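Hi everyone, thanks for making time for this. I'd like to walk you through one structure, so please have a look at it as I talk.

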Amino acid sequence: MVRPALEVADIFRAHGPAWRQAQQTHLSLGQLKVMSAIEQCRTSTLGGHVLHCPVCEHDEIAYNSCRNRHCPKCQASAAKRWLEARQADLLPVDYYHMVFTLPAPISAIAYTNKAVIYGLLFEIAAETLRTIAADPKHLGAQIGATLVLHTWGSALTHHPHVHGIVPGGGLSLDGERWVACKPGFFLSVRVLSRLFRRRFLEALSKAQATGQLQFFGEYAHLADASAFADWLAPLKKCEWVVYAKRPFAGPSAVLAYLSRYTHRVAIANSRLLALDERGVTFRWKDYRAEGKTRHKTMTLTTDEFIRRFLLHVLPSGFHRIRHYGLLANGGRREQLAQVRKLLQVQVMPADRELNGGDTDAVGQSAQPTFVCPDCGAAMIIVEILARKQPIRAPPGQRGMA
């Protein structure tokens, strides 16, 4: 793979130390870890291995990846592994793409309450889909959904929303038949939007009342219940953005989409254009424009670029891909087996392998991990390069007993 001319790691290495020094009282431990991981990714600091091609005698050094989920370089392989595991879940039905977006005022307080508000975004979006789908007036079925959290807009601004990938139908409420949605139409986005708004505001009010939310700066007054209720009032009347895109063109298109979206980070290295005295220049998409004018370039100072990138660091342990309903991890295999039986779909060999079947066949078809760039043959590891010891501060003096 050809290395991009400019990477986020290059920006962090060149300007990260000074930025950390200037912002040291405003950075979380998670943000510092992300910066450090990206700076060290695929360098000698993390160690690596020497590769040798037994066919053409080509040698090269491959340094280890940081495997941080915010690193632009590490997501391609992670997405590939995840997709291979998800292939067995695909059904021979239309799939729909739903998007649930938070209004700007809630996005503003979400930055200092990421775990709570992002968690509510997931849970309420999934609950809304399942509630409306179960209503006999709409679909009358138990559905499944995969939700993926994105927290950014194309210009790296804070814009929390979830993308939902939903099969076009579900199990009847008695579990005895498959209920398909109307061709080209899944659920009414107007109905979804109203229920999503009501349920989310109810849950947000409860979170504030139980002290789960923190408020700072211009939002400090929202800690008062009365002020918070007044602040919420306009949000009960404005339109909340929930929309559905056209159904995918078959299961292969679903996988292609997921490969681009599930493990995406705030900005890909391929969008970076230049790093100079003006700052960082990158490509972005203006969704309010049409045609060729939609694709634009933007230049931010390096300080502002780093700040915006780190806006999207997730809380430690927070899952940004979640499955609900028929696709929930607890009973996914059994429920999908029931769906396939009702759809009269035969389980393909690939599905059996992914579910723990013929491991010999999997091994025979597996691609080599390292491929020679000169002749394409499999390369072997001939030497391990140890990672460098991290620099640690001296331990603090312990008090005497």
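Let me begin with what I mean by a pocket: on a 1 Å grid over the protein atoms alone, it is an open set of points where a 1.4 Å probe fits, with protein on both sides within 12 Å along at least five of seven lines, and its lining residues have an atom within 4 Å of a point. Grid points are joined across faces, edges and corners, and a volume is the space filled by probe spheres set on the points. This is a predicted model, in which local features need pLDDT of at least 70 and side-chain atom pairs count only at pLDDT 80 or more, while totals for chains, interfaces and linings use all residues. Residues are numbered from 1 along each chain as its sequence is written, and side-chain values use heavy atoms, with hydrogens and water left out.

So, how much space lies in the second largest pocket? About 630 Å³. Its lining has 25 residues, and S28, Q31, K114, L310 and V313 are the ones nearest the centre. Two elements, α2 (29-40) and α9, each give two or more residues to this lining; helices here are DSSP runs of H or I with at least four residues, strands are runs of E with at least two, and both are numbered from the N terminus. The biggest contribution is from α2, with five residues. Sorted by class, the lining has ten nonpolar, nine polar and six charged residues. Here Ala, Val, Leu, Ile, Met, Phe, Trp, Tyr, Cys and Pro count as nonpolar, Asp, Glu, Lys and Arg as charged, and the others, Gly among them, as polar.

Now to the charged side chains. A salt bridge is a side-chain nitrogen of Lys or Arg within 4 Å of a carboxyl oxygen of Asp or Glu, and the whole structure has 13 of them. One of these joins E7 to K73, with the closest N and O atoms 3.2 Å apart. E7 is in the segment before α1 (8-22) and K73 in the loop between β2 (59-63) and α3 (75-86), so this pair ties together parts 66 residues apart in sequence. Are these two buried or exposed? E7 is buried at 3% relative accessible area, and K73 is buried too, at 17%. Buried means under 20%, exposed over 50%, and partly exposed in between, with a 1.4 Å probe and protein chains only.

E304 is partly exposed at 22%, as is R307 at 38%.

Finally, the rings. Rings of Phe, Tyr and Trp (its six-membered ring) pair if their centres lie within 6.5 Å; planes under 30 degrees apart are stacked, over 60 edge-to-face, and the rest tilted. That gives eleven aromatic pairs. In one of them, F196 and W240 sit edge-to-face, 5.6 Å centre to centre with 80° between the planes. F196 lies in helix α6 (residues 189-209) and W240 in the loop between α7 (225-232) and β9 (242-245), so the pair connects parts 44 residues apart in sequence. Both are buried, F196 at 0% and W240 at 3%. Ring pairs also link F100, F196, F200 and W240 into a cluster.
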